Every structure is written in structure tokens, then in C-alpha cells.
Amino acid sequence: MSVRILALVGSLRAGSHNRQLAEAAAKHAPEGVEVVLHEGLGLIPFYNEDIDVEGSTPEAATALRTAAAQADALLLFSPEYNGTIPAVLKNAIDWLSRPYGAGALSGKPVAVVGTAFGQYGGVWAQDETRKAAGIAGAAVVEEAKLSIPGSMTRFAETHPADDSEVAEALTKVVEQLSQATPAAA
């Protein structure tokens, strides 16, 4: 079995704990599973049907769609911004949902995880991300969840990849997600 999982990170900050979490998922992916971080979400303009026209679709949006289409599953990393999903991640979902009914998310297994400063680890944003991905046509793997609270203190001096509890939990999520792919069947 060889499974390719595309990781999308909803924070653009260089030192983002969610980006570090994605790096940890890639590092601790089980044998036969590759987690690849997609770069460039910040380069994609807000979704607009007027620019989503064959021959005129922005290059960054096309690159995202191609990467998602080539993946067996997607793993979304969502911090919580003002109690909800970051705009950059919602925008990526919007681009991946088109063309309607045949977007790159259509039927694709998706899991959502993340970390945030608050005491609940961003669960509201992660729930909204699951909702948006499901409405966009993804096959959301509901049991594959991980919300890590207190990111600013927990990861102040430790990269998530070096936190054994986080590494174990991430590996479990990646396994659950990979088992939901057709490649695992």
C-alpha cells in the first residue's frame, strides 16, 4: 500500500504551530504513507467565478487543484481565528470544491486536526473546517480528530515532532485517514 496525503495548513505564519504539526505528521507518517505539505495557499486569490475560467484560472489555484487530485487524501491543519476557520483554509476548500460536483475534493477522504492557544485547541474552527469540506464534497473521516490546546506554551520550546504524545496521536490520525482511502482497500 502506498498512500499520498496532502497537508494544507491554515496558518501562513512562518513559525506556525499548525505548520509544525504538519511537519510532525510528515515525519511520523507510518510506513507506506507519505504526507506532503502544500506550499502557496497565501498566493491563491479569494475564490471568484469570474477568474475561475478555463485558461484564466490563477496558477496557484491550479497547482492546489492538481496537488489535491494527485493525493489519495487530505489532512487539514486548522488554527482558530476569532472562533472559526482561517480565511486561507476556507478559500482553499472553495477552490477545491469547483467545478461544482467534480472538484478535487469530491469523494476524497479528509481529516482535520490542529492546535490553538485556547483551552480547547481550536475545536470550533476544526468543526467548521469539517463542515465546509463535507459540503464541498469531501468524505470527512469524522473519527480522525486531534485538537491540541495551549499551543503557545506547549510548543514554546518543543517542536510537535518531538512531543511523544503528539507524535503518537498524529500517527493514529494519519493511519485512520490512510485506511479510508481506496489505496488501502
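Asp-94 and Lys-90 both belong to helix H3, four residues apart, or about one turn of the helix; helices (H or I, at least four residues) and strands (E, at least two) are DSSP runs numbered from the N terminus. The two residues form a salt bridge, their closest N and O atoms being 2.6 Å apart. A salt bridge here is a side-chain nitrogen of Lys or Arg within 4 Å of a carboxyl oxygen of Asp or Glu.

## Basis of the model

This is a predicted model, in which local features need pLDDT of at least 70 and side-chain atom pairs count only at pLDDT 80 or more, while totals for chains, interfaces and linings use all residues. Residues are numbered from 1 along each chain as its sequence is written, and side-chain values use heavy atoms, with hydrogens and water left out.

## Other salt bridges

The whole structure contains nine salt bridges. One of them joins the side chains of Arg-4 and Glu-34 (3.1 Å, N to O). Arg-4 lies in strand S1 (residues 3-9) and Glu-34 in strand S2 (residues 33-37), so the pair ties together parts that are 30 residues apart in sequence.

Arg-19, Glu-23 and Glu-39 are linked in a network of salt bridges.

## Packing of H1 and H6

Helix H1 (residues 17-27) packs against helix H6 (residues 164-179) at an angle of about 70°, with their axes 9 Å apart. Axes are lines fitted to C-alpha atoms, for helices over the stretch in contact, and angles run from 0 to 180 degrees between N-to-C directions. Leu-21, Ala-24 and Ala-25 in H1 meet Val-166, Leu-170 and Val-174 in H6, where contact means heavy atoms within 4.5 Å.
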